[in-house]
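Please keep the structure open while reading.

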Amino acid sequence: MPIKITDSVSWVGVFDWNLRNFHGVWTPRGGTYNSYLVKDGGESVLIDTAYDKFGDELVRNISEATDLKGLGHIIVNHAEPDHSSAISMVLKEAPAADVVCTARCKDFLEHQGVNAKFQVVKEGDMLRVGSRTLSFIEAPMLHWPEVMWTFLEEERVLFPCDMFGAQVIQSNLDAEEVPDIEQHIKRYFAFIFRPLSSAVIKGLDKAERLRPSVICPSHGPIWRDASRIQEIYRLLATAPEKEKALIAYASIWGDVERMAKAIAEGVQSTGVEVVLKDVGELTWQGWSDLLADAMEAKGIAVGSPTVLGGIFPQLNYATMLMRLVKAKGKVGVSFGTYGWGPGITKKLDDELAAMDAKPYRGGLEVRFKPTERDLELCRDAGRELGERIRGVRL
Ligand code: FEO
């Protein structure tokens, strides 16, 4: 069912109620593929389509808002299939429409089998819809290189596709009514935009110059308080870290886990928040949260038993994921066990260095089982981690 956003804009997208894993992002309340119709003076333009799994529903929604035979243009801000794979289904019902996009987007669409009449646009170009004006802003790497944004000048509505999104359903599309909206944004941002944060900062500067009144992203709710979502994105792109430690470990016989808990006690004694994750037990929900926690943590501890001379496989996966959210200035510490071949913490220190969590001391490495003395050393290391996070020890 279409939802009215402004005088000339209606949402005609689809809700994916059963979505729980959006390419790695946990989506406990489903997700959306937003498509917008701009209509004025008998003319209509569609901004983005949707994932073709929901193509029939999308076509039905658009046709409830306008006569598809009269649709003049389909603006494609982004060629990723969640926004573009239903183009052919819409074009079948809207044969007069052309596809408006950047040159690179045209190339991407053609290589995904889209056969259409194209109108290539670039930064600053404009398109009239009745008395309204749509302008285009190139936004490379937000989230792919071909991306552009569309701006409805008269009502100051920004359509930034993935940027300023969150993957959550709010049936009236009002972002202010999603009670845990920041958690949804954090999970989405950590996976999709944190690795691209330098592009995000450029995008934020462009958005600021546009001074939008309403922000209509392609995932999740709509922002009528446009400054709030811009502030949240700026914080996550520039300084998401808190006084928080993440301890990610794998344990086979509970020995590494005892070390992890001792480190956690040390951190807790300094008043710093600590999150403990046994990566061997994580579901994909947990993996998504791990990434958001890693983004926020100023300190990261990683621990592993020695398995076939190396790091436990799930911990290897965890460190690979955590590299995505690397930020300067994190501190790290490694810990682990071995039976006959030492050196596990050297391997873990290399992983910490790769995620820019500089080890502040040598790894805590024990043979088979930690003794009480070893656990005391772990508590000391945890205390030092907390103090370094709080900046009371450098
Ligand atoms: Fe929602 Fe990059 O696609």
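## Salt bridges within helices

E110 and K106 are four residues apart in helix α4 (residues 103-110), so about one helical turn separates them. Helices here are DSSP runs (H or I) of at least four residues, strands are E runs of at least two, and both are numbered from the N terminus. The two side chains form a salt bridge, with the closest N and O atoms 3.3 Å apart. A salt bridge means a side-chain nitrogen of Lys or Arg within 4 Å of a carboxyl oxygen of Asp or Glu. E110 is partly exposed, at 37% relative accessible area. K106 is also partly exposed, at 26%. Buried means under 20% relative accessible area, exposed over 50%, and partly exposed in between (1.4 Å probe, protein chains only).

This is a predicted model: local features need pLDDT of at least 70, side-chain atom pairs count only at pLDDT 80 or more, and totals for chains, interfaces and linings use all residues. Residues are numbered from 1 along each chain as its sequence is written, and side-chain values use heavy atoms, leaving out hydrogens and water.

Helix α11 (residues 344-354) holds D350 and K346, four residues apart and separated by about one helical turn. They form a salt bridge, the closest N and O atoms lying 2.9 Å apart. D350 is partly exposed at 43%, and K346 is exposed at 51%.

## A network of charges

Salt bridges that share partners join K186, K242, K244, K277, D293 and E296 into one network. One of its links is K244 with D293, at 2.9 Å between the closest N and O atoms. K244 lies in strand β17 (residues 242-249) and D293 in helix α9 (residues 284-296), so the pair ties together parts 49 residues apart in sequence. K244 is buried, with a relative accessible area of 3%. D293 is buried too, at 12%. Across the whole structure, the search finds 24 salt bridges.

## Where the domains meet

The domain assignment gives domain 1 (3-238) and domain 2 (242-389); such bounds come from an automatic or database assignment. Their centres, taken over C-alpha atoms, are 39 Å apart. Contact (heavy atoms within 4.5 Å) links 13 residues of domain 1 with 14 residues of domain 2. About 1200 Å² is buried between the domains, 67% of it on carbon and sulfur atoms. W26, K186 and R194 supply 44% of the area that domain 1 buries against domain 2, more than any other three residues. Buried area is the accessible area (1.4 Å probe) that two parts lose on being put together, summed over both.

Two salt bridges cross this interface. K186 pairs with E296 in a salt bridge, with 2.6 Å between the closest N and O atoms. On the side of domain 1 that touches domain 2, β5 (25-26) and α5 (181-192) each supply at least two residues. Helix α5 gives the most, with five. That side divides into seven nonpolar, two polar and four charged residues. Nonpolar covers Ala, Val, Leu, Ile, Met, Phe, Trp, Tyr, Cys and Pro; charged covers Asp, Glu, Lys and Arg; the others, Gly among them, are polar.

## A buried threonine

T32 sits in strand β6 (residues 31-33). Is T32 buried or exposed? T32 is buried, with a relative accessible area of 0%. Beyond its neighbours within four places in sequence, T32 is in contact with residues including V14, F15, Q167 and H219.
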